[in-house]
Amino acid sequence: MSAIPHQAIYADRRARLAAQLGAGGIAIIPTAPERQRNRDSEYLFRFDSYFYYLTGFTEPRAWLVITAEGHSTLFCQPKDLEREIWDGYRLGPQAAPSALGVDEAYSVHELGERLPRLLENRQQLWYPFATHVGLETQVDGWLQKVRARARFGASCPDTQRDLCVLLDEMRLFKDAHEIDVMKRAAQISAQAHVRAMQRSAAMIRAGQQVREYHLDAELLHEFRQHGSQYPAYGSIVAAGANACVLHYRADIAPVHAGELVLIDAGCELDGYASDITRTFPADGRFSGPQRALYDLVLAAQEAAIAATRPGMRFVDPHDATVRVLAQGMLDLGLLKKDDVGHLDDVIEQRHYFRHYMHRTGHWLGLDVHDVGSYVEPGAAQTVERRDPLSGELIKDRPSRILRPGMALTIEPGLYISPAADVPKEFWNIGIRIEDDAIVTESGCELITRGVPVDGDEIEALMRG
């Protein structure tokens with residue numbers, strides 16, 4: 001069995017984690033469970049992101065144990081030629097050390113026997129809190145077995161700590177390998193968006209009926225055609241008024257000439273997610289009101305991109321977006337000055353929330369909404385305020401400072417539902433523009449611009 005690619009990268013991550021476990025520390029990391037879809041059918045298995053980050057191992061029913069001294073033990077499925085006929089190849093414990101770079105490996109059937117012995121005489125036990133149903137109960141059972149050996153001199157860990165705290169901080173900063181994979185995933189996803197745009201216009205020009213699922217099919221084809229294992233999340237393909245539903249899913253609704261289509265879709269490649277949203281005219285040509293709103297959202301994204309650079313805080317792109325969108329809402333009559341006041345009033349009282357109700361981005365990586373604190377570590381000061389819409393008391397802590405290697409999305413939007421005080425030409429228009437960004441030494445690199453965002457370029461693309 002040959003070693004997995006980039007074995008040294010995973011070994012380095014395990015070593016860096018071990019160095020943070022403290023004297024006598026030990027960490028337990030399970031992969032994800034297999035999940036039944038219905039009766040005899042299971043969902044396609046997807047490994048746990050923490051486990052994969054430390055091993056690169058994609059088989060189910062596996063566990064990793066790491067000690068503060070840097071010793072790593074893998075528990076995995078044993079070789080079973082009969083089951084492999086049905087379920088596929090298994091690496092097995094004998095081949096795992098050389099293939100994965102771990103120090104030793106055992107059958108997962110030995111987990112209950114061996115793990116209590118590994119926990120003996122350890123001071124701190126680390127495992128991911130609130131991520132695996134039943135894990136805490138399993139830990140309790142193993143610790144009971146350790147305590148049962150107290151008469152033989154065995155001591156039990158007296159501290160349990162959340163391993164997510166350490167791993168989230170590690171995963172927040174992407175290394176060169178991760179960035180390379182994310183760029184390839186972004187390229188595939190961008191090509192998929194281009195394909196869906198062009199297909200929409202071509203079918204309408206040909207007089208064919210277009211439905212949302214036709215465009216979803218184009219996305220899936222492009223993802224798999226270029227080696228992506230699966231979508232990073234459920235694709236949103238929303239035609240017309242459906243685009244005002246933030247978490248809409250591709251369905252059977254018809255796609256008509258003259259309306260906009262919002263597609264929020266990205267592939268997962270080798271564990272890493274991409275996340276792109278584009279909004280385009282179904283037949284390839286924006287109407288005047290559509291273009292006015294589209295250009296406003298694009299201007300808001302440009303302001304957010306300019307604020308995505310080292311030394312800025314995570315909240316700064318959102319604040320820049322809100323300022324541009326709020327002014328645009330006033331200029332276009334989406335908000336009436338007589339009702340909401342001037343720009344600062346709109347922002348302070350969150351009147352913009354009516355048409356823009358989500359944040360401008362999130363971390364991106366092994367999970368599409370990736371891990372990592374949005375609060376600057378060590379920042380103790382808080383500012384209390386009362387939300388003007390909900391009345392909820394909110395404690396604001398200093399937002400995370402952006403640093404090179406962080407990956408995040410930049411995704412402003414506008415969603416205009418029918419209302420008597422909103423110009424009718426804007427009703428049922430939903431627009432979002434989303435790109436994936438890597439923070440660099442001098443600013444940020446947008447890795448998803450293989451699909452255009454400029455309105456003129458979108459129209460030109462769809463004419464092709």
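Visitor: Where in the secondary structure does Tyr352 lie?

Guide: Helices (H or I, at least four residues) and strands (E, at least two) are DSSP runs, numbered from the N terminus, and on that reading Tyr352 lies in the loop between helix 13 (343-348) and strand 15 (383-386). This is a predicted model, in which local features need pLDDT of at least 70 and side-chain atom pairs count only at pLDDT 80 or more, while totals for chains, interfaces and linings use all residues. Residues are numbered from 1 along each chain as its sequence is written, and side-chain values use heavy atoms, with hydrogens and water left out.

Visitor: Is Tyr352 buried or exposed?

Guide: Buried means under 20% relative accessible area, exposed means over 50%, and partly exposed is in between (1.4 Å probe, protein chains only). Tyr352 has 9% relative accessibility and therefore counts as buried.

Visitor: Which residues does Tyr352 touch, not counting residues up to four places away in sequence?

Guide: Contact means heavy atoms within 4.5 Å, and with those sequence neighbours not counted, Tyr352 touches His318, Val322, Met329, Leu335, Val346 and Ile347. A C-alpha distance can be read alongside this list: Tyr352 and Ala326 are 26 residues apart in sequence and 5.7 Å apart in space, C-alpha to C-alpha.

Visitor: What can be said in the same way about Tyr233?

Guide: Tyr233 has its place in the loop between strand 9 (230-231) and strand 10 (236-239), and at 18% relative accessibility Tyr233 counts as buried. Leaving aside neighbours within four places in sequence, Tyr233 is in contact with Asp264, Ala265, Gly266, Ser274, Asp275, Ile276 and Val368.

Visitor: Where is Ile433 found, and which residues is Ile433 in contact with?

Guide: Ile433 is found in the loop between strand 19 and strand 20 (435-439), and with a relative accessible area of 0% Ile433 is buried. Leaving aside neighbours within four places in sequence, the contacts of Ile433 are Thr277, Arg278, Tyr294, Val297, Leu298, Gln301, Ile410, Glu411, Pro412 and Val453.

Visitor: How should I read the phi of Arg61?

Guide: Most residues other than glycine have a negative phi. Arg61 has a phi near 55 degrees, a positive value in a residue other than glycine; Arg61 lies in the loop between helix 2 (49-55) and strand 4 (63-67) and is partly exposed, with a relative accessible area of 38%. Asn428 has a positive phi of about 60 degrees although Asn428 is not a glycine, and Asn428 has its place in the loop between strand 18 (413-416) and strand 19 (429-432), where a relative accessible area of 34% makes Asn428 partly exposed.

Visitor: In which helix does Ala460 lie?

Guide: Ala460 lies in helix 14 (residues 455-463) and is partly exposed, with a relative accessible area of 37%. The C-alpha atoms of Ala460 and Gly284, 176 residues apart along the chain, are separated by 8.0 Å.

Visitor: Into which domains is the chain divided?

Guide: Domain bounds come from an automatic or database domain assignment, and here the chain is divided into domain 1 (7-167) and domain 2 (176-463). The contact between them takes 11 residues from domain 1 and 10 residues from domain 2, and the C-alpha centres of the two domains lie 37 Å apart.

Visitor: What is the radius of gyration of the chain?

Guide: The radius of gyration is taken over C-alpha atoms, and the globule rule is 2.2 Å times the number of residues to the power 0.38. With 464 residues, a compact globule would have a radius of gyration near 23 Å, and the chain has 25 Å, which agrees. Along its principal axes the C-alpha trace spans about 80 × 55 × 45 Å.

Visitor: How many helices and strands does the chain have, and what share of the residues is buried?

Guide: The secondary structure comes to 14 helices and 21 strands, and buried residues make up 52% of the 464 residues.
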